Amino acid sequence: PAASEDVGMSPRAPVLLAIALAACGSDEVAPRERPTAPASEPAAPPVEQAAEPAPVPRAAPAPDELQRRDGTARAAMRRGRQAMRRQDRAAAIEAFRASIAALPLASAQCELGWALFQDGQLDEAETPLREAVRAFDARARMGRRDVATQAACLYNLGRVLESRQATEEAIASYRRSLRLRPNEIVRSRLEARGGRPAPADPEACPPIAC
């Protein structure tokens, strides 16, 4: 029998196979590139809130304007006193209010409170009298006339408080008035309500007579 021949690959086979693969392309699929995540957008800059404007301090009146207002206030106060002497309380109250509107002097507040008290307006009278007393208390220094005016204002406030049945407060107001200025009317009013003058303070200055 004929000997069987080993079937082998021809020497040209590798070359032909390489050419065939090159022509048909490889069956291997190239790995896909993983899609990159979109870059995050940069954060928007914070919105700057406009700062609230600082309050503008009220400018002090010019010297000539202050002098004009002072003259207006004092002229109105003189009209108010003249009206009180005429027993025209309505005109006096209007004049004193005009004086305060021009320049809020403590003495005008005291005059207004007394005029309102004389007119029977007790609720309205107490407010300007208390404001006048506070204004005098806030002063670092006072002249003799200011001390006498504050003492009179404290007496007026005591009369208003007494009329409103606030007897203890009225007595305290009369006592303060007497410590500033000895006055027999104030003393008799105080003693008639069961009060006694406060003992003299040994370190205090002697009271100034009216």
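Asp123, Glu126, Arg130, Arg164 and Glu169 are joined in a network of salt bridges, where a salt bridge is a side-chain nitrogen of Lys or Arg within 4 Å of a carboxyl oxygen of Asp or Glu. The model is predicted, so that local features need pLDDT of at least 70 and side-chain atom pairs count only at pLDDT 80 or more, while totals for chains, interfaces and linings use all residues. Residues are numbered from 1 along each chain as its sequence is written, and side-chain values use heavy atoms, with hydrogens and water left out.

Side chains of opposite charge can pair when their charged atoms come close.

| Salt bridge | Closest N and O atoms |
|---|---|
| Arg164 and Glu126 | 2.3 Å |
| Glu111 and Arg81 | 2.7 Å |
| Asp70 and Arg74 | 3.1 Å |

Glu126 is buried, with a relative accessible area of 13%, whereas Arg164 is partly exposed at 38%; buried means under 20% relative accessible area, exposed over 50%, and partly exposed in between (1.4 Å probe, protein chains only).

Glu111 forms a salt bridge with Arg81. Because Glu111 lies in helix H4 (residues 106–118) and Arg81 in helix H2, the pair ties together parts that are 30 residues apart in sequence.

Asp70 and Arg74 both lie in helix H2 (residues 63–85), four residues apart, which is about one turn of the helix.

Terms used
Helix = DSSP H or I, 4+ residues; strand = E, 2+ residues; numbered from the N terminus.
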